[in-house]
Amino acid sequence: MTNIFLLIVMLLGGLFLILAGANALTDGAASVAKRFHISDLVIGLTIVAFGTSAPELSVSMLSAINGSAELAIGNVVGSNIFNILMIIGCTAIVMPVKVDSGLMTKEIPLVILSSLVLFICTSDVLLNGQTENVVSRADGLLLLMFFLIFLRYTFSIARNGDDASQDAAQVKEMPVLKSSFLIIAGLAGLIAGGRFFVDGASGMARYMGVSESVIGLTLVAGGTSLPELATSVAAALKKNPGIAIGNVIGSNLFNIFFVLGCSATVLPLPMGGITMFDTLVLIAASLLFWFTGWFFRKRTITRAEGVLMVLCYVAYTAYLISVQ
């Protein structure tokens with residue numbers, strides 16, 4: 001009983017430090033950027049988007065360094081599945097989500113592309129006849145190259161004033177000392193919280209007798225996606241559910257191209273218990289995201305479609321638990 005209580009404290013305490021650290025780092029960095037006259041739109045598309053993916057980066061990087069590759073990969077794959085099926089699904093249930101035509105033809109296809117790229121990078125057995133699937137350093141560098149292309153595209157949107165990106169972060173300047181303190185404290189919170197969270201998740205997997213891959217795909221993925229869930233549901237309650245779309249798109253692209261790219265560049269990541277089925281589910285979720293926005297009701301994800309997404313996630317989680 002003492003062990004499980006300690007593991008729960010590590011998980012919750014680590015998650016709290018991660019979320020608080022990400023928020024402090026984002027506020028501090030955004031204030032510094034504002035001081036250098038960087039626009040709110042660019043800050044929202046880069047620093048704020050990075051801030052919501054900082055929990056995944058912290059957990060995946062520390063998992064890779066600690067040799068828990070399944071946690072690192074499962075965190076990214078599971079977070080992206082959670083982002084689409086649970087966050088978009090819950091947001092649509094609260095309020096139907098209207099999808100801009102630019103998002104349907106440009107940004108959401110990028111989410112599908114990122115899922116396909118991840119599938120190719122993790123299919124060494126199928127494509128190359130290798131004995132195991134590994135996200136290699138070469139794959140990591142390739143993902144980072146895609147991330148640079150995504151950044152270039154993001155800045156071109158900001159420069160051209162694309163209507164698909166009108167939800168900019170409203171950033172306030174702070175004193176330099178306060179901004180610096182928030183950045184340092186945020187980084188410390190991410191590192192310390194990430195370590196507690198990874199150790200707690202690994203211990204929980206051993207205690208429950210399940211693999212790190214399942215813990216990474218479910219518990220860790222859901223925990224690190226809480227910033228996106230909170231932001232999206234809050235936006236829906238304020239009758240602005242469209243923010244959820246950009247939030248999920250930015251987070252998913254950051255997770256695959258940047259988070260997994262950095263993690264694999266630091267140390268090659270064997271897939272272990274993360275199977276081709278999991279990456280295929282991610283592709284299917286990405287296609288469902290595009291499909292529900294495009295068909296039935298013109299460019300609107302309805303409440304019924306939101307319920308369908310949530311049920312798909314519940315079924316996927318139930319399947320993962322049942323095959324243990």
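This is a predicted model: local features need pLDDT of at least 70, side-chain atom pairs count only at pLDDT 80 or more; totals for chains, interfaces and linings use all residues.
**Stop 1: the whole chain**

The protein has 324 residues, and 53% of them count as buried. If you draw contacts between residues at least 6 apart in sequence, 84% of them join residues at least 24 apart.

**Stop 2: the largest nonpolar core**

Now select I245, L269 and F289. These are the residues with the most contacts inside the largest nonpolar core, which has 57 residues.

Keep I245 selected and show what surrounds it. Setting aside neighbours within four places in sequence, I245 is in contact with I88, V97, V99, L103, F289 and I301. Another core, of 19 residues, lies apart from the largest one; I4, V59, A201 and M204 are among its members.

**Stop 3: I84 in helix α3**

Next, centre on I84, which sits in helix α3. Is I84 buried or exposed? Its relative accessibility is 0%, so I84 counts as buried. Beyond residues up to four places away in sequence, I84 touches G89, V111, V248, N252, A285, S286, F289 and M309. F289, then, is a contact of I84 as well as of I245.

Pick out N252 from that list and draw a distance to I84. Their C-alpha atoms are separated by 8.6 Å, although the two residues are 168 apart along the chain.

**Stop 4: aromatic pairs**

The whole structure contains nine aromatic pairs. Zoom in on F254 and F258: their ring centres are 6.3 Å apart and their planes stand at 65°, which is over the 60 degrees needed for edge-to-face, so the pair is given that label. Both residues belong to helix α10, and because they are four residues apart, about one helical turn separates them. F254 and F258 are both buried.

Ring pairs link F147, F150, F254 and F258 into a cluster.

Then move to F277 and Y316. The ring centres of F277 and Y316 are again 6.3 Å apart, but the planes make an angle of 35°, so this pair is tilted. Here the partners come from distant parts of the chain, with F277 in helix α11 and Y316 in helix α12, 39 residues apart. Colour the two by accessibility as well: F277 counts as partly exposed at 37% relative accessibility, whereas Y316 is buried, with a relative accessible area of 4%.

**Stop 5: the second largest pocket**

Together they line the second largest pocket, which holds about 210 Å³ of space.

Which helix gives the most to this lining? Select α2, which contributes seven residues. Both α2 and α7 (176-208) supply at least two lining residues. Now colour the lining by residue class: 10 of its residues are nonpolar, one is polar and none is charged.

Technical notes:
Residues are numbered from 1 along each chain as its sequence is written. Side-chain values use heavy atoms; hydrogens and water are left out. A nonpolar core is a set of buried Ala, Val, Leu, Ile, Met, Phe, Trp, Tyr and Cys residues joined through side-chain atoms within 4.5 Å. Buried means under 20% relative accessible area, exposed over 50%, partly exposed in between (1.4 Å probe, protein chains only). Contact means heavy atoms within 4.5 Å. Rings of Phe, Tyr and Trp (its six-membered ring) pair if their centres lie within 6.5 Å; planes under 30 degrees apart count as stacked, over 60 as edge-to-face and the rest as tilted. On a 1 Å grid over the protein atoms alone, a cavity is a set of points where a 1.4 Å probe fits but cannot get out, and a pocket is an open set with protein on both sides within 12 Å along at least five of seven lines; lining residues have an atom within 4 Å of a point. Grid points are joined across faces, edges and corners, and a volume is the space filled by probe spheres set on the points. Ala, Val, Leu, Ile, Met, Phe, Trp, Tyr, Cys and Pro count as nonpolar, Asp, Glu, Lys and Arg as charged, and the others, Gly among them, as polar.
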